[in-house]
Amino acid sequence: SSSSTTYTTGFQGWAVGSSSSSSFRTTAPTGDQALNGSSSASTTTGGVHNYNGKIGILASGSVDPSIAFVVNTTGFTNVKVTFDVMTIRNPYDGSSNTRLNNVELQYLVGSSVGAFTDASGSIYRNNTTAQTGSGVTTPQNVKTITITLPSGCNNQSAVQLRWVQRDSSGSGSRASFAFDNICVTGTSTITASGSTT
């Protein structure tokens, strides 16, 4: 529900830094982040947010948030991650708020804590259409993204995935981003008889 403060099984909000950065942080998380329920375009507190059932992040001067989950790719190659990414809060006004932020998907093979790797370089950026209304959770600038993970992510018991953001240009308040319709697929290496190919 839109008011839920409990993560869906397998997902976790992280802090990856104490403030937003001009580059995508690849370092291990610095701590967990609580899920804030009933968030909207008028929410200004940095962290991980529930935007009417869509999980999202809003960076600030006090936290650089991330959303992470893990998948098991055992028996699969050509692993693809498909999801919708969108803007919920967008304070861009062309004068005091000109901030643009980029989003990236990162991966880490294994279940240990460690450094992540960017999957593409940058997958998304907010546009310049303002949206800050109270209670508004209308997705803005929705893009469907598909990323094929590198071969090192094939046939692994654990591949950690996370979304991060960075400041790319401008100044002022930051946009928030949300994610939905997440699907991870691959090509099975198991034949009908149960042996691997």
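This is a predicted model: local features need pLDDT of at least 70, side-chain atom pairs count only at pLDDT 80 or more; totals for chains, interfaces and linings use all residues.
Local features are reported at pLDDT of at least 70 and side-chain atom pairs at pLDDT 80 or more, while totals for chains, interfaces and linings use all residues. Residues are numbered from 1 along each chain as its sequence is written, and side-chain values use heavy atoms, without hydrogens and water.

The largest pocket holds about 240 Å³ of space. A pocket is here an open set of points on a 1 Å grid over the protein atoms alone, where a 1.4 Å probe fits, with protein on both sides within 12 Å along at least five of seven lines; lining residues have an atom within 4 Å of a point. Its volume is the space filled by probe spheres set on the points, which are joined across faces, edges and corners. Of the 15 lining residues, Thr8, Leu35, Gly53, Lys54 and Ile55 are the closest to the centre of the pocket. Strand 5 (54-58) and strand 13 (176-188) each contribute at least two residues to the lining, and strand 13 gives the largest share, four residues. Strands are DSSP runs (E, at least two residues), numbered from the N terminus. The lining comprises six nonpolar, seven polar and two charged residues (nonpolar: Ala, Val, Leu, Ile, Met, Phe, Trp, Tyr, Cys and Pro; charged: Asp, Glu, Lys and Arg; polar: the others, Gly among them).

Most residues other than glycine have a negative phi. Asn78, in strand 7 (residues 76-87), has a positive phi near 50 degrees. Asn181, in strand 13, also has a positive phi, of about 50 degrees. Asn78 is partly exposed because its relative accessibility is 35%, and Asn181 is exposed because its value is 52% (exposed: over 50% relative accessible area; buried: under 20%; partly exposed: in between; 1.4 Å probe, protein chains only).
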